[in-house]
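Here's a quick briefing to read with the model open beside you.

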Amino acid sequence: VQGFKHYVDQYAKHNVDSQGEPHKVVYESVNNRWEVALTISDKGFQQVSFANSIATTKGGRHVDYVVDQITSKLIDVIKKKIGKTGGINVKPFQIKNHMWVFVNALIENPTFDSQTKETMTLQSKSFGSKCELSDKFVQAALKCGIVEAIMAWVRFKQQETLDKKCSSKKTSKLKGDSAKSLAVSGLGVVGRDKYGVFPLRGKMLNVREGNHKQYEKDEEMKTLRYGKVMVMADQVSFFSK
């Protein structure tokens with residue numbers, strides 16, 4: 001193995017996407033004391049780290065120091081993509097769950113949690129150096145697949161929330177006021193919390209012989225969000241074709 005980057009590649013080549021291609025790895029030699037690499041993880045947060053050539057198999061403060069920088073940069077971009085009306089509040093740990101980070105650090109007088117030295121416990125203020133990731137590294141991190149994975153999760157949660165809202169509501173769509181009185185009388189039994197009544201104007205579209213363009217023009221049907229719909233109408237053949 002020739003250097004830390006080559007060492008990272010030995011791990012990353014087995015981290016492949018659905019088409020069998022290795023995920024992109026972002027690497028930076030920050031200075032003579034810090035080397036950092038990042039790629040996407042589909043198995044939760046993963047880390048491979050060293051402090052003064054000691055394998056810190058459980059990570060530690062040096063890993064947290066790097067991860068916190070990356071998540072703070074990514075979360076700003078993700079929040080802008082979601083927008084204020086997105087309805088999903090992404091937390092730093094949710095971003096961290098999509099990260100596989102590699103850290104090679106030279107720390108002054110490091111301390112560990114035990115004699116096995118699996119976790120480095122020294123406070124970052126005592127590291128003796130700083131690891132300030134460059135804008136180039138951050139921009140590359142935005143394109144390594146982590147942001148896309150989180151946005152896919154956000155879209156899933158948004159749809160899940162919408163489905164829950166819709167499934168809890170029901171409406172009766174009525175052909176004119178003639179059927180309305182019957183439905184309204186039923187609301188006295190089932191209540192109005194999850195049921196509504198909506199009289200329709202004109203005739204309903206016969207969807208069996210309709211097309212997509214006709215569906216798009218049906219403004220009344222598009223504006224309501226309900227999980228279930230019941231149509232009440234007279235027993236006559238007035239539905240339009």
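Predicted model: local features only at pLDDT ≥ 70, side-chain atom pairs only at ≥ 80, totals over all residues.

The protein has 241 residues, 33% of which count as buried, and its secondary structure comes to eight helices and eight strands. If you take the contacts between residues at least 6 apart in sequence, 71% of them join residues at least 24 apart.

- Five strands make up an open sheet with mixed pairing, and their order is 1-2-5-3-4.
- Strand 1 (26-31) and strand 4 (54-55) are the edge strands; each has a single partner strand, so one side of each has no neighbour in the sheet.
- As a reminder, strands of a sheet pair through backbone hydrogen bonds, and they can do so parallel or antiparallel.
- Strands 1 and 2 run antiparallel, with five bridges between them.
- A hairpin takes you from strand 1 to strand 2 by way of two residues.
- If you want a landmark on that pairing, look at Val26, which sits opposite Leu38 in strand 2.
- On to the next pair: strand 2 (residues 34-40) and strand 5 are antiparallel as well, joined by seven bridges.
- A handy landmark here is Ala37, which faces Phe102 in strand 5.

**His98, between helix 3 and strand 5**

- You'll find His98 in the loop that links helix 3 (92-96) and strand 5 (99-105).
- Is His98 buried or exposed? Its relative accessibility is 18%, so His98 counts as buried, the cut-off being under 20%.
- A polar atom of the His98 side chain lies 3.0 Å from the backbone oxygen of Gln94.
- Leaving aside residues up to four places away in sequence, His98 touches Thr39, Ile40 and Ser41, plus Ile146, Ala149 and Ile150.

**The cavity**

- How many cavities of 30 Å³ or more turn up in a search of the whole structure? The search finds one.
- The volume of the largest cavity is about 30 Å³.
- Its lining is made up of Ile70, Lys73, Leu74, Leu133, Phe137, Val138 and Ala141.
- Helix 2 (61-82) and helix 4 (135-141) are the elements that give two or more residues to the lining of the largest cavity.
- Sorted by class, the lining of the largest cavity has six nonpolar residues, one charged and no polar ones.

**Between strand 5 and helix 4**

- Thr119 is in the loop between strand 5 and helix 4.
- With 17% relative accessibility, Thr119 counts as buried.
- What does Thr119 touch, not counting residues up to four places away in sequence? Its contacts are Lys58, Gly59 and Gly60, along with Thr111, Phe112 and Asp113.
- Lys117 is also in the loop between strand 5 and helix 4.
- Lys117 is partly exposed, at a relative accessible area of 35%.

**Positive phi values**

- Some background: most residues other than glycine have a negative phi.
- Lys117 isn't a glycine, yet its phi is positive, at about 55°.
- Ser53 is another non-glycine residue with a positive phi, near 70°.
- Look for Ser53 in the loop between strand 3 (46-51) and strand 4.
- Ser53 has 69% relative accessibility and therefore counts as exposed, since the cut-off is over 50%.

- Asp17 belongs to the loop between helix 1 (3-12) and strand 1.
- The relative accessible area of Asp17 is 27%, which makes Asp17 partly exposed.
- Its side chain reaches the backbone nitrogen of Gln19 at 2.9 Å.
- Asp17 and Asp42 are 25 residues apart in sequence, and their C-alpha atoms are 9.2 Å apart in space.

**Met230, in strand 8**

- Met230 has its place in strand 8 (residues 228-232).
- Its relative accessible area is 47%, so Met230 is partly exposed.
- From Met230 to Val197 is 33 residues in sequence and 9.7 Å in space, C-alpha to C-alpha.

Methods:
Residues numbered from 1 in each chain as written. Heavy atoms only, no water. Helix = DSSP H or I, 4+ residues; strand = E, 2+ residues; numbered from the N terminus. Buried < 20%, exposed > 50% of the residue type's maximum accessible area, 1.4 Å probe, protein only. Polar contact = N/O pair within 3.5 Å; in protein donor to acceptor, adjacent residues only side chain to side chain. Contact = heavy atoms within 4.5 Å. 1 Å grid on protein atoms, 1.4 Å probe; cavity = no way out; pocket = protein on both sides within 12 Å on 5 of 7 lines; lining within 4 Å. Points joined across faces, edges and corners; volume = space filled by probe spheres on them. Nonpolar A, V, L, I, M, F, W, Y, C, P; charged D, E, K, R; others polar. Pairing = 2+ DSSP bridges.
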